[in-house]
Every structure is written in C-alpha cells, then in structure tokens.
Amino acid sequence: MSTGVSSPGRAQVREKTLRQDNWWVYPLLTFLGFTAFVVYSTWRAFSGDNYYSTPYLSPFYSPCLATACVDGSSDLGQPVGDWWRLSPALIILVFPLGFRLTCYYYRKAYYRSFWLSPPACAVAEPHGKYTGETRLPLILQNIHRYFWVAAVLVGAVLTFDTILAFRNEDGEWGHMGLGTLIFLANIIFIWLYTLGCHSCRHIVGGRLRHFSKHPVRYKMWGFVSKLNAKHGTYAWLSLFSVAIADLYVYLLATDTINDLRFF
Amino acid sequence: MGYDLKMRIWRGDADGGDLGDFTVAVEEGEVVLDAIHRIQATQAGDLAVRWNCKAGKCGSCSAEVNGRPRLMCMTRLSDFEESETITVTPVRTFPVIRDLVTDVSYNYEKAKQVPAFAPTPRDPDGKRRMMQEDVERGQEFRKCIECFLCQDVCHVIRDHEDNKPAFAGPRFFLRYAELDMHPLDTNDRRKLAQEAAGIGMCNITKCCTEVCPENIHITDNAIIPMKERVADRKYDPVVWLGSKIFRRGDPAARTEV
C-alpha cells in the first residue's frame, strides 16, 4: 500500500490539500458533461427510432447498414442484412465511441473527473495502488491509432451526409435548411477534432526522425499540430454538435418541430 | 505601497514538522521568495531555503505555494489578495531535508539511466550537419531548467511512493523524446522508455504541463509522441511489419539500447 504525500521522510501536512482555488470545478463540470452525453447517447442509440427525417440522417446512425434501417436512410446499402435485431446505431457507434474513449484528451478528462486519478494537480488521488496504462484493460489505449483510422472513415460518411443535406424533402439539390447548417457545423467540428488527433499527428509526421527529408509531411505535421493545440476544445465542440445534430433530427422525425427551410 | 503579509511556512525535517505563522512587511512588485528571504533575515535566521538566480532560470527555488507547485521567485505577491495568507511548503514528492529544502536525488538517479546521445559519424569534412527544422524541433525540450516541478506534481510518484523505482517521470520522458527525435542519434530508446522508464504508467493528465515554468508542452510534445513511438514498436503490427520489410539494411537504422 503506497502512502503518497504522507510517506515517511516527506514533509508532513495535516490538510488533504493546501490548494485554495476552485480546483474541483473542472472535474465536476467534466463529469456532468460526459454523464449527460452518455445518458443521452445511450437512450438514442438503443431506441432504434426517429433517426431519419428527409434529408437528414442522425450522425448516431450513419451509415445505417442493417435491413431494419428506415427507407431512405441507407445511402451506403444494407450489407449487414436482417439478422441484426438490435438498433442499427450499435453497429457503427463502436468506432467513434472507441476513438473518443482512447483519445488522449478524453483520457485526461475522464481519468481526472471519473477516476479521480488525480482529481486535480497536486490534489491526492484516493487510490492505494496505481499501474497506469500498463495492464488490461487500459493497455488497450495504445490502439488509439486504429480507432483514428475508423474515425476518418466515419467522418467521410458524415461528410457525405452533410452533402446530402443540401437537398429538400423531395430529394432535389440546391436547398438548405437549419438542419443543413447544423450538419455543416457538426462536420466541421468533427474534422477539426479528428484531424487534430495526437495519433494523426504522429502518423503524418511526428514519427519521422528528419523533418527536413520529408517537407510535405513536415507541412502536414505543422497543420495538424495547430489543430492539436486545441484538441480539447474541439473534442467538446464536436461532442456537443453531434448530440445537437441528432437531437434536431429526432425533433423533426417526431414532428415536434418543422425544419426551418432557407431556400 | 507596502503591506503586512501573513504567511504560513513549513518548518521541520524528515522526523516531523508543521506550518509556522509569520507576518512580514512586503513591497509592491515583490515575489514569494522576497518575503521568504525577509523572514529569514529578520525573524527566522535558520529557515532553510534553496535558491540561486531569482530569475526563473536556475530551477532551485521550487516549492508549493498554496498547495500548487511553483517557483517561489516567479510567484508574484500581486497574484494574491493582500489579506490572503500564503502557505509555502517544500515540494511534497521528495524527502525533506529541512524546512523548504528537499532531497531531489531521485531525479539524478533517473537521469543516469537515460543513455547518452550517440551521434552518427562525422561528415568527411569533420562536421555534423542538421537542417534548421530538425534543430528547431528539439529547442523546446532544451528550455527545461530542471526545477523538477513536473516530477513533484506527477501523481504517479507523488501519490504512490512505491512507483518510484519503475517510473522516471515527465522530465525524463522529455529527455527520451528529445533524443528519440534527434536526427543524428543512433540509439533506439523506445524499449527503455517503456520498460525502465515506465512511460506506460503515465495517464497523461497533463499536470506536468500545467506547472512547467518554462511553458514546455511536456505532455503534447514529448510524452504523447513518445507513447506513440512505443506503440509503434510494441503494439502496432502494421508498423512492425513495415519495419521488417522496408528497413532491412537501412544504414540509418538505430540500435536498440
């Protein structure tokens, strides 16, 4: 059993922490934000309903690959077939979920806010034993790069969905509604988040020894590095935007609201 | 305008100690180290404090101010309310010697474990050459003043004394990254970074970056790139296969140490 700051030989202080600032605000807000998203997305992913309203397909259900998908929602076909009895969202959500779960920013956020390891800098964590990411299941964080590849593919599909959102209810091109704008904002945040990924930064150039011998990859690395500096911000913005895009589709599909059409 | 500042300063040694109360006259523009020095000069001549440059460049006056790892010489009194009591303790991750002075030899032991720079042979004219963009890459890491605040705040050893033998800490991941990114180095330190330095124990909660007085992006630019390099070697079968196919006979290949 380790004893941390009360270990023999260290300066002994009675207080649990001497920090006087509101160090608990960040983990608390993060906890509330993630919990709200998990509750909302779990409900939506398992509901298997109200995820398509022409021309908008909820990002939670895209691509919709099962036979159970509603008419018009399967632009990439239905290769999974009719054996899949659960919600079609569950086929695809594992990839963006895995990407975010293993993301370096989210790891910081949930280690601090859910596992309190540590809750804040120089505030003692409550655990007696700590092995970090050296054992199962946390050693699996090392496959983040594979989830990044999957996230790029999902991002490409969501880009396609956003293009399709420039149609009207009759499938005619050259139209826009409020939903199109929401989808557009969502896909921008998704790409800013996905392309700013630390694994992406490593793959495009970070793993090189000589930047000078790879000028194109060095330029790309510089671009990704700029996005990477705001990775946490884009992680939150894209989390909000994907939930808002889904909520908008849900409200349309349940006839709670009508799409505000611009032209 | 001067005012009377209330302070609590940890006094004691490895056998025990406690926070002592002091009131000291301070002036506008002063830093915490100035107040400590005035207390030492006027009230507690035996107060032990390690310091040197008073300019945030020597890394000597590391301490915890109101529970946060800081350089005392770079912590302005104007950051606090005049009525606020400022509490100063030694860094809490290392054994205390006396008062605000700690034994940081753990860090020097870890430094010895990092194999030194092993450059490629010189060019025919006796020189070694690097392109500017390759030089720039390591500059950020060389700003480190070895104040060891990142080591102090790292919960892996701060909260778990038993992890010290297996974990080198953020300052040395910075060193591993600097060398691994160096185009002229011939050592492959990824296995060491994983096994001897224990980079897998880091859960990237970024406290090292938050406390760095040189604003080095330790987590984003050193630890995570080093974790990715370790993943290349240990956890990525595609990279492994690629290295077997394309790197055979590569004269620039590195030697695993």
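Predicted model: local features only at pLDDT ≥ 70, side-chain atom pairs only at ≥ 80, totals over all residues.
Reader: What makes the pair Tyr51(A) and Tyr61(A) stacked?

Author: Start with the count: a search of the whole structure finds 23 aromatic pairs over all chains. For Tyr51(A) and Tyr61(A), the ring centres are 4.1 Å apart and the planes sit at 5°. Rings pair if their centres lie within 6.5 Å, and planes under 30 degrees apart count as stacked, so this pair is stacked.

Reader: Which parts of chain A does that pair tie together?

Author: Tyr51(A) is in the loop between helix H1 (25–47) and strand E1 (52–53), while Tyr61(A) is in the loop between strand E2 (56–57) and helix H2 (89–92), so the pair ties together parts that are 10 residues apart in sequence.

Reader: Are those two tyrosines buried or exposed, and how do you know?

Author: Buried means under 20% relative accessible area. Tyr51(A) comes in at 3%, so it's buried. Tyr61(A) has 0%, so that one counts as buried too.

Reader: Why is the pair Phe94(B) and Tyr106(B) called tilted?

Author: Their ring centres are 5.9 Å apart, with the planes at 35°. Stacked needs under 30 degrees and edge-to-face needs over 60, and the rest count as tilted, so tilted is the label here. Phe94(B) is buried at 1%, and Tyr106(B) counts as buried at 12%.

Reader: What lies over the face of Tyr106(B)?

Author: That's Lys164(B), at 5.6 Å from the ring centre. The distance cut-off for a charge over a ring is 6 Å. In chain A, the charged end of Arg107(A) sits over the ring of Tyr104(A), 4.2 Å from its centre.

Reader: How do you know that Glu15(A) forms a salt bridge with Arg8(B)?

Author: The closest N and O atoms are 3.4 Å apart, and the cut-off is 4 Å, so the pair qualifies. This pair crosses between chains, from the segment before H1 of chain A to strand E1 of chain B. Glu15(A) counts as partly exposed at 30%, and Arg8(B) is partly exposed at 22%.

Reader: What does strand E1 of chain B pair with?

Author: One partner is strand E2 (residues 16–26): 11 bridges join it to E1 (residues 3–13), and the two run antiparallel. E1(B) and E2(B) form a hairpin with two residues between them. E1(B) also pairs with E5(B), in the parallel sense, over three bridges. There, Arg8(B) stands opposite Thr87(B) in E5(B).

Reader: Why are Glu109(B) and Lys112(B) separated by about one helical turn?

Author: They're three residues apart in helix H2 of chain B, so about one helical turn separates them. An α-helix has 3.6 residues a turn, so residues three or four places apart point the same way. The two form a salt bridge, with the closest N and O atoms 3.1 Å apart. Exposed means over 50%, so Lys112(B) counts as exposed at 62%, whereas Glu109(B), at 41%, counts as partly exposed.

Reader: Why is helix H9 of chain B called largely enclosed?

Author: 15 of its 17 residues are buried, so H9(B) is largely enclosed by the rest of the structure. H9(B) covers residues 218–234 and reaches 22 Å from its first C-alpha to its last, close to the 24 Å expected at 1.5 Å a residue.

Key
Residues numbered from 1 in each chain as written. Chains lettered and ligands numbered in written order. Heavy atoms only, no water. Phe/Tyr/Trp six-rings, centres within 6.5 Å; stacked < 30°, edge-to-face > 60°. Helix = DSSP H or I, 4+ residues; strand = E, 2+ residues; numbered from the N terminus. Buried < 20%, exposed > 50% of the residue type's maximum accessible area, 1.4 Å probe, protein only. Lys NZ or Arg CZ within 6 Å of the ring centre and 35° of its normal. Expected span 1.5 Å × (residues − 1). Pairing = 2+ DSSP bridges. Salt bridge = Lys/Arg side-chain N within 4 Å of Asp/Glu carboxyl O.
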